[in-house]
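This briefing sets out selected structural features of one protein chain. Please consult the sequence and the structure shown below alongside the text.

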Amino acid sequence: MAAWPWLFLVLLLAFFELWARAAFSTSFLLNPYNLKSIALFAALPLLLGLGQTFVIIAGGIDLSVGFVMGLAAVVMARAMQVLTPVDPALALAAGLIAAFAAGIVPGLINGTLISRLGVPAFIGTLGMYGVARGVGFLSAGGTTVPVNNPLLFVMGNGTVLGIPIPVLVTVLVVLGMHWTLGQTRFGQYTYAIGGNRTAAIRAGINVRRHTLYLYMISSACAAVAGMLYTARFSAGAAQAGEPLLLDSIAAVVIGGASLFGGSGTIAGTVIGALIIAVIQYGLVFINVEPFWQFVAVGIVIIVSVLIDQSRHRLTGEKKEEG
């Protein structure tokens, strides 16, 4: 993975630390509340970005994850509304299962359209973006779906050893994804497909089936994000993940993954998500209008893509010289 995302993260943290000491005579980094807030800011876009990492490495894109997340959040809230008066524990279990099922279906459809029917990933997932958005709003009745369940509140707002439970869940998913991508045959096949699809087919990799699994993984990560959203806010909302789609793709690209496919790491996506979270929280911390967050993240995305393109040009030139 390229070193520049790490360097940029360090520079960001140093900037906000110096600002905090100069303006407020306090520490930005040594404040537990700040660190906890940054981790919570990063958790949901990171979950979306984890599944996106697999898809992008394989040379695809998933534009549906934001509203798949919202759909899962709404389905979970609806199920829990019905069952909470009967048994809060049963309601939580049923809500989690319903949210996961609701999230997997769009991934299955995306994967089938792209791998079996030859629909371009951009078009297929953009279509699912609209479908998941519409179904989510219809399921929610055009509004948020509140849930009054004490176990759900603990899941979304409780802590273990001072660490928020949503952050712990995200860490567990990160570790599982890191192991899968770096230590298993599935991960090797993902890199191979993104590096050279034709060669992967000739090597005997079932590219169609693998592509189907990739989009199901992406949707599953979106479903987990939807669960945590409902838990954190004790409500489901169809638009919950809409602003996070850009952040999820940005985290992958900023972390060093190539939009051309064939490269990227889970560690890079984690760094990318942290960079975005530090920018978003840091600008609020120094009393900058929140709309500047979009400008800052957009600039970082453009710079990341320029670096990626420069790297590919240099690599191509070296190959030609060789």
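Of the contacts in the protein chain between residues at least 6 apart in sequence, 78% join residues at least 24 apart. The model is a predicted one. Its secondary structure comes to 13 helices and 4 strands.

**Overall dimensions and surface**

- The radius of gyration of the protein chain is 20 Å, in agreement with the value near 20 Å that a compact globule of 322 residues would have.
- Along the principal axes, the C-alpha atoms occupy a box of roughly 70 × 55 × 35 Å.
- Of the 322 residues in the protein chain, 49% are buried.

- Side chains of opposite charge can pair when their charged atoms come close.
- The count for this model comes to 1 salt bridge.
- Glu 17 and Arg 21 form a salt bridge, with their closest N and O atoms 2.7 Å apart.
- Both residues belong to helix α1 (residues 4-24), and because they are 4 residues apart there, about one helical turn separates them.
- Glu 17 is buried, since its relative accessibility is 11%, whereas Arg 21, at 47% relative accessibility, counts as partly exposed.

- Ser 27 is located in the loop between α1 and α2 (32-57).
- With a relative accessibility of 11%, Ser 27 counts as buried.
- The side chain of Ser 27 makes a polar contact of 3.0 Å with the side chain of Glu 17; Glu 17 is also the salt-bridge partner of Arg 21.
- A polar atom of the Ser 27 side chain lies 3.4 Å from the backbone nitrogen of Leu 29.
- Apart from neighbours within four places in sequence, Ser 27 is in contact with Glu 17, Ala 20, Arg 21 and Asn 34.

**Ser 218, in helix α10**

- Ser 218 is placed in helix α10 (residues 207-233).
- Its relative accessibility of 0% means that Ser 218 counts as buried.
- Once neighbours within four places in sequence are left aside, the residues in contact with Ser 218 are Gly 51, Gln 52, Val 55, Asp 62 and Val 65. Among these, Gly 51, Gln 52 and Val 55 fall in the residue range of α2 (32-57).

- Trp 292, Val 295, Ile 299, Val 303 and Ile 307 make a nonpolar surface patch of about 430 Å².
- Ile 299 lies in helix α13 (residues 292-321), and Val 295 also lies in helix α13.
- Ile 299 counts as partly exposed because its relative accessibility is 48%.
- Val 295 is likewise partly exposed, with a relative accessible area of 38%.
- From C-alpha to C-alpha, Val 295 and Val 305 are 16 Å apart in space, and in sequence they are 10 residues apart.

Key: Residues are numbered from 1 along each chain as its sequence is written. This is a predicted model: local features need pLDDT of at least 70, side-chain atom pairs count only at pLDDT 80 or more; totals for chains, interfaces and linings use all residues. Side-chain values use heavy atoms; hydrogens and water are left out. Patches are made of residues with over 30% relative accessible area and no salt bridge: like charges are joined within 9 Å, nonpolar side chains (Val, Leu, Ile, Met, Phe, Trp, Tyr) within 5 Å. Accessible areas come from the Shrake-Rupley method with a 1.4 Å probe; for residues, only the protein chains shown count as cover. A salt bridge is a side-chain nitrogen of Lys or Arg within 4 Å of a carboxyl oxygen of Asp or Glu. Helices (H or I, at least four residues) and strands (E, at least two) are DSSP runs, numbered from the N terminus. Buried means under 20% relative accessible area, exposed over 50%, partly exposed in between (1.4 Å probe, protein chains only). The radius of gyration is taken over C-alpha atoms; the globule rule is 2.2 Å times the number of residues to the power 0.38. Contact means heavy atoms within 4.5 Å. A polar contact is a pair of N or O atoms within 3.5 Å; within protein, one must be able to donate a hydrogen and the other to accept it, and residues adjacent in sequence count only if both atoms are side-chain atoms.
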